[in-house]
Every structure is written in structure tokens, then in C-alpha cells.
Amino acid sequence: MNKKTPVKQVRLAVVGAGNRGQSYAKLAQECGARIVAVAEPRQAVRQRFANDYGITSEAVFDDWPALLDAKLSYDAVLIATPDRQHVEPAIAFAADGRHILLEKPMAPTEAECRRIVHEVKAAGVIFAVCHVLRYTDYTQAIRKIIAEGLIGDVICIQHHEPIGYWHHAHSYVRGNWRSEAESSSALLAKSCHDLDWLRFIMGRRCIRVSSFGSLVHFRPENQPKGASDRCLDCDVESSCPYSARRIYLEAAHRGETHWPVSMLDVDPTPANVEAALRQGPYGHCVYTSGNDVVDQQVVNMEFDSGRTASFTMSAFTPKAGRATRIFGSRGQLVGDGSTIQRYDFLTEQTFDIDTQAADQSLLGGHGGGDGRLIQSFVSAVAQNDPSLILSGPDETLESHLMVFAAERARKQQLGECVNT
Ligand SMILES: NC(=O)c1ccc[n+]([C@@H]2O[C@H](COP(=O)([O-])OP(=O)(O)OC[C@H]3O[C@@H](n4cnc5c(N)ncnc54)[C@H](O)[C@@H]3O)[C@@H](O)[C@H]2O)c1
């Protein structure tokens, strides 16, 4: 950029100041953007957020339509509302000419996703979806190895998302993504990232998919004998790996205040966490929580020219980085979200690359992907340059459609084995 051209300071409005809204706002400020407005229904959360960013009272709202109607001066809006509340604000703010950073999934149905893409393109605004994995140094390093031909032609990929037993219990059994009707399928909520990432790495269109998966374990019939519906009253809680006392209350007693404890109360003191466990969803037994999303799923994919990928997501793992093996015609890559091991078939040598992802967990911001995503979005808006976005409307729609196809395949139970 010409030295004399002053870099425009991007002004952001945040819609939904929950977990993701807060993380992105902090990162955006670190990237030089200014948070100038917020819409958030929860009073205590809204007030704390407004105080943190010095937002004046006329720019603080309890719902996004009020922010929209106020016609304030800002460049872009960051939409981090729950899954089923993305489509309306995305379309409305696009029509209002605001650039948009939208949390994934774009929307829980194919028709709504198509609507969003149609409307943001018609409005001509910069639009990015938070497919944070595309932006990590780790992903960029893998793409570079492939582009340089170091493993030859990529023929197939094996990819695993180990959700982690307590993370799955938190989000998909007790938490916000436990019911498909209220949020999304687990594949869309958790692993639209993974199918998107596989498409990005493969560099080819996905032609067809098959999928299997169900809710096997977190069901009433698997509740241990003598268990209660609330962990704090349960006689067998100490022998249960999913004990809410262990996951939340002991963490609060250790002084932890970050996610997931932060989801229980704005001020997660041990007393407040205990009260939340007595009354709220996070203190409920994982076997009688009324959840209905899958606890494991596999997806097989065929890409252009016969290339294939297989994917597994599972609740029944320690919380760890995604594990991937990429099989090329002259070498193999093995990656864990931070380090990459390349084996060369010709020389039979192994090369180790450490991309030093700060931390592969959500706490570390998706291996640096959160930070890079925000940096790209803020720069794209400042320079009016959508080419800085790696997860725009078309590529996001394409990989969301892979998820919808996989869910159709899973629900239709294609390929049934006949026992003769
Ligand atoms: N990119 C990722 O890796 C990633 C990770 C986690 C969650 N997500 C997605 O981010 C979104 C938000 O998730 P979260 O974990 O921050 O949830 P959250 O519940 O912590 O935050 C959502 C916030 O939206 C607010 N809200 C609800 N209705 C609103 C309205 N009408 N106007 C303004 N605000 C409203 C809620 O009060 C809440 O504070 C979800 O769609 C989720 O699937 C993405």
C-alpha cells in the first residue's frame, strides 16, 4: 500500500455478544478496528460488553432490528447470534449496505443458505463466514506443500475430528446444540468446518457423499443404575466421566472463568456455577437431557476425478486437535492441527514441520484461525478488497451443500447390508 494512503479504521457493530461475539470483538480491536455498536438481548452481557469497548448508550441495543433502524455510522457487522438467527440479520444488514462477517453455519437449511448468498451478492457487500480453519498457518502450510508438488497428486484424505467427551457433553448433550430443531445437525454445527476444510485442501469439487451416524450413547437406557437427573444430587456422579460437578464446579473452584465455565454465568464464581448446575441445563444428567443430535458420524466423499476423503467425528475422545492423513502420489502428510510430518516415497525421508499453532483447542482460538480470520476481514473492509477473504459466499455455500447432502444420505440410510 502507498505509504501516504492512511489506513481506514474499520468501525464494527457486533450482533450477539456471546462467546464468539466477545472473542471476535477482542481480536478485531487488536487488529485496529473499533467496536462502535452492539445488539445483545442479555442485559448483563450487553452492559459489560458496552463498558469493555466504551460504546456510548445510543449505540447499545437489545435486539438487532433496533441497531439496523438506528442507521448509525459503521462499516461492517459481525453476526454471532445462535444458528437459527443468522438468516434474517444477514439479509437485512446486507440490504443496508453493511459488510458482514457471519458465524457458521450460515443457516440450518439449504434454502436459507442460498437466500443469504443471493442477497449478499445482490447487495455487493464484502461477506465472510467464520470458517476459521481455512485461515490457520497450519492449513496454509499444508496448501503450500501440496501446491509445490512435494507429495505429488493428492489422491485421498483421512480426517478425524475428536470432539472430546466433555466438549461434546457441554455443547451437544446439555448445551445450545443439543437439539437439531433448535439449532442445527451436529455435522453442520461442528463439522461444516471439516467438510469445508477437506474441500479446501483437496482443491476439487465434491461430487457425492455417503454418511452414517446416530445418537448411540447419551440416551436414557444408558443412564447408570442409581443415577439422578441432576449431577449435584447423584449418588454415582463420582464414577461418571461426564459429571457436571467435575467439568464445571471443580473448574470454578480452581478459579477458572473461561469457556466452558463462562457459559454458566456472566460471573462464574463457585456459588454462581453451583446455582446454575442446580437449575440450568449444564447440571443435567447427560443420559436424560432430551438431546437428539448424533454422538458420532462418518462421511465418505468422492471428489472430481475419483479422489476420495473419509471423515469421522466422535464424542468419545479426549479433547485434541483434528488428525489428518493426506495421501499423495509421491508422499504422505500426517498432521495434528499444529505439526505436519511429510514422508517422501522417493527418498524415504521424513520431514517435520511445526507451524506452532498457539493451541489447538477452542481456547487458543482454533490454532490461530480466529485471529487470522478477523485480520483478513478487517483488512478486506479497510482496503475494500474481498480477495483477502478465504471463506466468501460461493465457497461457503459449496461446502455447506456437502453437509446437507451428507445429512440427506445419513437420514435415508442408503446402502443397507442384506443379511442372507
Ligand atoms: N466459528 C466457529 O468455530 C464457532 C465456534 C462456536 C460457535 N460458533 C457459532 O457462533 C454462533 C454463536 O455461538 P456462541 O457460542 O457465541 O453462542 P452464545 O449463546 O454464547 O452467543 C449468542 C449470543 O447471541 C445473542 N442473541 C440472541 N438473539 C439475539 C438478537 N435477536 N439480537 C442480538 N443478539 C442476540 C444471545 O443473547 C447470545 O449472547 C453460533 O451460530 C455458533 O454455531 C462458531
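This is a predicted model: local features need pLDDT of at least 70, side-chain atom pairs count only at pLDDT 80 or more; totals for chains, interfaces and linings use all residues.

Biologist: At what angle do helix α4 and α5 pack?

Modeller: Helices (H or I, at least four residues) and strands (E, at least two) are DSSP runs, numbered from the N terminus. Axes are lines fitted to C-alpha atoms, for helices over the stretch in contact, and angles run from 0 to 180 degrees between N-to-C directions. Here α4 (residues 87-95) packs on α5 at about 10 degrees, and the axes are 9 Å apart. So α4 is roughly parallel to α5. The cut-offs: under 35 degrees is roughly parallel, over 145 roughly antiparallel, 65 to 115 roughly perpendicular, the rest oblique.

Biologist: Which residues of α4 meet α5?

Modeller: Residues are in contact if their C-beta atoms, placed from the backbone, lie within 7 Å. From α4 come Val 87, Ala 90, Ile 91, Ala 94 and Ala 95. Their partners in α5 include Ile 116 and Val 120. This contact has 8 nonpolar, no polar and 3 charged residues. Ala, Val, Leu, Ile, Met, Phe, Trp, Tyr, Cys and Pro count as nonpolar; Asp, Glu, Lys and Arg as charged; the others, Gly among them, as polar.

Biologist: Are α9 and α10 roughly parallel or antiparallel?

Modeller: Check the angle. The axes of α9 (residues 244-253) and α10 (residues 270-279) cross at roughly 160 degrees and come within 8 Å. Therefore α9 is roughly antiparallel to α10. Tyr 248 and Leu 249 are among the α9 residues that meet α10, where Val 273 and Leu 277 are among the partners. By class, the contact holds 7 nonpolar, 1 polar and 1 charged residues.

Biologist: What kind of peptide bond runs from Trp 259 to Pro 260?

Modeller: Look at omega. That bond is cis, with omega near 10 degrees. Pro 260 sits in the loop between α9 and α10. Another cis bond joins Lys 104 and Pro 105, with omega about -15 degrees. Pro 105 is in the loop between β5 (99-102) and α5 (110-123).

Biologist: What is the phi of Glu 348?

Modeller: Positive, about 60 degrees, although Glu 348 is not a glycine. Find Glu 348 in the loop between β13 (339-344) and β14 (350-354).

Terms used: Residues are numbered from 1 along each chain as its sequence is written. Two residues are in contact if their C-beta atoms, placed from the backbone, lie within 7 Å.
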